[in-house]
Amino acid sequence: MLDVPVVAVTFGVIFVTELPDKTAVAVLMLATRYRAGYVFTGIAAGFAVHVVLAVTAGSLLGLLPNRWLQAASAGLFLAGAAILLASKRQATEEHVEQPGDQRFWKAAGAGFTLILVAEFGDLTQIMTAGLTARYDAPVSVGIGAVAALWAVAALGILGGRTLVRHVPLRLITRMAAVALAALAAFSLYQAVAD
């Protein structure tokens, strides 16, 4: 039931894809306004909902004939690489004053809402669906994706500013694009070879 290599591949792909995403910056901004634990709880719940939706969509893709499935996976991965390379997003830092209201439900709700709105149909959700279809291991892909998204959220909350100072966002984006292009090439090869 649990395929550790699939969990590891999924974690790696989703982690490097989400790291330069706008959501990591938004998470950092929320964490400057509210208590980090409260924000992370809401964000974690939002990411879990998105992964369930993506794994469900990927499982439905898995019903396609193998050749079509490999071609669809290749297309999803190639689209993801192109989106990353074409992206002109830049991380910005700004000082935000702490609001007086630090209630759990307000902070967690802000994090949950941010993820529901910002991540719906996002690249990592598409990649999670593609990985589910590719590996036919929904539980393993789901665990890897959730762990990666939570890790990026934690990094955004705890060390986002430091990471962006030491590792250029452009390098992170290119690494993610190369990984997705490699997965696209492999899926395309398998579609043609079948």
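## Stop one: the core

Select Ile-14, Phe-15, Val-39, Ile-43, Phe-47 and Val-51: of the 29 residues in the largest nonpolar core, these touch the most other members. Such a core is a set of buried Ala, Val, Leu, Ile, Met, Phe, Trp, Tyr and Cys residues joined through side-chain atoms within 4.5 Å. Buried means under 20% relative accessible area, exposed means over 50%, and partly exposed lies in between (1.4 Å probe, protein chains only). Two or more residues of this core come from each of α1, α2 (22-33), α3, α5, α6 (123-135) and α7. The largest share, eight residues, is from α7. Helices here are DSSP runs (H or I, at least four residues), numbered from the N terminus.

Before you go on, note that this is a predicted model: local features need pLDDT of at least 70, side-chain atom pairs count only at pLDDT 80 or more, and totals for chains, interfaces and linings use all residues. Residues are numbered from 1 along each chain as its sequence is written, and side-chain values use heavy atoms, with hydrogens and water left out.

Now click on Ile-14. Leaving aside neighbours within four places in sequence, Ile-14 is in contact (heavy atoms within 4.5 Å) with Thr-124, Met-127, Thr-128, Leu-131, Ala-145, Ala-148 and Leu-149.

## Stop two: helix α7

Select residues 138-158, which make up the 21 residues of helix α7. Buried residues here include Val-141, Ala-145, Leu-149 and Ile-157.

## Stop three: the rings

How many aromatic pairs does a search of the whole structure find? Three. Rings of Phe, Tyr and Trp (its six-membered ring) pair if their centres lie within 6.5 Å; planes under 30 degrees apart count as stacked, over 60 as edge-to-face and the rest as tilted. Show Tyr-38 and Phe-104: their ring centres are 5.2 Å apart and the planes are at 85°, so this pair is edge-to-face. The two sit 66 residues apart, Tyr-38 in helix α3 (residues 36-61) and Phe-104 in helix α5 (residues 104-119).

Trp-105 is exposed, at 73% relative accessibility, while Phe-104 is partly exposed at 27%.

## Last stop: confidence

Colour by pLDDT, the predictor's confidence in each residue, from 0 to 100. Helix α1 (residues 4-18) has the highest confidence, at 91, and helix α8 (residues 160-166) the lowest, at a mean of 58. Over residues 89-99, pLDDT stays under 50. Where pLDDT is low, the predicted coordinates should not be read in detail.

Terms used. The expected span of a helix is 1.5 Å times one less than its number of residues.
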